[in-house]
Amino acid sequence: MTLPSDLKDRFPLLSQIVNGHEIVYLDSAASSQKPDCVIDAMNNYYETINANVHRGAYEIAAQATEEMEQARRRIASFIGCQSPHEVVFTKNATESFNLIARSWGGSNLSEGDAVLITDMEHHANIVPWQILSAEKGFEIRWLPLTPDGLLDLDQLDQLLDGVKMVSVTAMSNVLGTLNPVSEIAERAHAAGALVAVDGSQYVPHLPTDIQELQADLLCFTGHKMCGPTGIGVLWGREELLDSMPPFLGGGEMILDVRRDGFTPNELPHKFEAGTPPIAEIIGLGAAVDFLDSLGMENVRQHEIALTDYALRSLNDRYGDEIVIHGPSDPLQRGGVISLEYRDVHPHDLSQVLDQRGICIRAGHHCAKPLMKELGVVATSRASMYLYNDESDVDALVDSLESAGEMFAL
Amino acid sequence: MSGLEELYKEIILDHYRNPRHRGELDCPPAHKTEGFNPLCGDEVSLTFLIEEGSIKELRIAGQGCSISQASASMMAAAIQEKSIEEVRDLTREFKAMMSIHEETMTNADQESASAAALTLGDLEALKGVVKFPVRIKCATLSWNTLLTGLDDLDT
């Protein structure tokens, strides 16, 4: 099975003309485009059943609640989870990590404890721990990388000593590296630590099964997987989530409120204070339906082939003039290609590409500690998704040269 | 590609390829100030020597895109030997050209900015940046960094 060749037609934005050129969208690691069915599902909610959830007894309120909870069930099933109440809706993966740090970390970490993260984490999985560490005085340790951009697992066991939580990305948003999460989880569990996984780049691109990952917590975000912005997910094992205190307080997250205190609601509502982003949740439900209909294994195979094509095209054409970070084997990585071309600064490169309608990301990709490891302040990053094809890669490859002519020193 | 030519004027590319006043001065007697562009990670480090209320010498270190490097290089060329007050005026004038300063600009600012109007010279070449709003921060990085450095002198 392969993906339909006319997939771009399902994404209204991808027929836009930008700066006189048909858009070439190569920034899906930052945010993906949205298919018609996701936009329709959100419009339909607003046009036909817009009402607050878990409150009103009237028809459209009941329908809105049912649509939202149905989306939760479909999202749970999308990640191999049998218990939809283990799926907590957040604003994004960043909020999911802040929830973990504040709620679990706040009640479990103190001086003498340690949290292990890695050198390839996004700021979302660094800063929440740093904020808490400044209060609680626990140590943050960093698992280093090998020269080819993999995690150096030889150092894992020794670093695990005294660690209560290992928080690791399943796929780097800079290097594209796919990390052996289940192996890390086995070793972390053996050492008595819990495992939280950043699935922001992984869940949108590969078949995801929480049993297989063996993680205790998984964070991901809707807008990178064909869904809308403003909706993220925290999945956690029931007994773990049950043991964690509430994160944000307010409506929806309580069973009872008295003058002398409150009783928190049951899962997942305990962690969902206030009116949820209902349209966004329904939109994300439509997005996972769309991904399911394509088949995540097909999505992965498409991206392996396209990544292979991109790496070969760039290396064949530019050889020593180009540095591509991360693993060279497409099976070890996702479709995220961070590159340096001659000595052209990423800002200038992306500006020249923009004139041809090509959208890539220039910057530190919210991974400044990794940038420092790589010895750069910024990279240019092209990232691919199910709607990209070889013509997008060709446009990128062809356009690098003109940027070089203009800016090479 | 006309839009690009407006942004990347020849004089800008010249300053980018051949940056003036690169390096670092010994601190002390020089003062040091650093700036970051959190969007792209660009860094600039300025060291400058004050003598009798004037910037005797200024050197630039750090890395960045063509716009930030050219702007820093042109700034260094423009402010050598100028009094701190003149440098502040020029900075106001430059930031006004970058049009991010308008809402907070007081009458006094506007007066001093127009008094400095004739002094921008080559810096006018950076005017095209305004049409590319995400790049404005690149152009103003070294200027804001210098302002911070001058403010630190007062405290």
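Why is helix H3(A) largely enclosed by the rest of the structure? I shall answer that after a few words on conventions.

This is a predicted model, in which local features need pLDDT of at least 70, side-chain atom pairs count only at pLDDT 80 or more, and totals for chains, interfaces and linings use all residues. Residues are numbered from 1 along each chain as its sequence is written, and chains are lettered from A and ligands numbered from 1 in the order in which they are written.

I turn to chain A as a whole. Its secondary structure comes to 13 helices and 17 strands; these are DSSP runs, helices being H or I with at least four residues and strands E with at least two, numbered from the N terminus. A compact globule of 409 residues would have a radius of gyration near 22 Å, and chain A agrees with 22 Å. That radius is taken over C-alpha atoms, and the globule rule is 2.2 Å times the number of residues to the power 0.38. The C-alpha trace spans about 70 × 55 × 35 Å along its principal axes.

Of the 409 residues, 49% count as buried. A residue is buried if 20 or more other C-beta atoms lie within 10 Å of its own, exposed if 12 or fewer, and partly exposed in between, with C-beta atoms placed from the backbone.

Now to the opening question. In H3(A), 12 of the 16 residues are buried, so the helix is largely enclosed by the rest of the structure. Among the buried residues are Phe97(A), Leu99(A), Ile100(A) and Trp104(A). Their cover includes strand E4 (87–90), helix H4 (127–136), strand E8 (194–198), strand E9 (217–221) and strand E10 (232–236) of chain A. As to length, the helix covers residues 93–108 and should span 22 Å at 1.5 Å a residue; its end C-alpha atoms are 21 Å apart, which agrees. The expected span is 1.5 Å times one less than the number of residues.

E10(A) runs antiparallel to E4(A), joined by four bridges, and pairs with E9(A) in the antiparallel sense over five bridges. Strands pair if DSSP finds at least two bridges between them. Leu234(A) stands opposite Val88(A) and is also the bridge partner of Cys219(A).

Next, a link across the sequence. Leu7(A), in the segment before strand E1 (17–18), is 380 residues from Tyr387(A) in sequence, yet their C-alpha atoms are 5.7 Å apart. Leu7(A) is partly exposed, with 17 other C-beta atoms within 10 Å.

Finally, the complex. The predictor gives an ipTM of 0.78 and a pTM of 0.91. In the interface, 15 residues of chain A are in contact with 15 residues of chain B, contact meaning C-beta atoms, placed from the backbone, within 7 Å. On the chain A side, the largest share, three residues, comes from H11(A).

Chain B averages a pLDDT of 81, pLDDT being the predictor's confidence in each residue, from 0 to 100. Over residues 101–105 of chain B it stays under 50. Where pLDDT is low, the predicted coordinates should not be read in detail.

Notes. Two residues are in contact if their C-beta atoms, placed from the backbone, lie within 7 Å.
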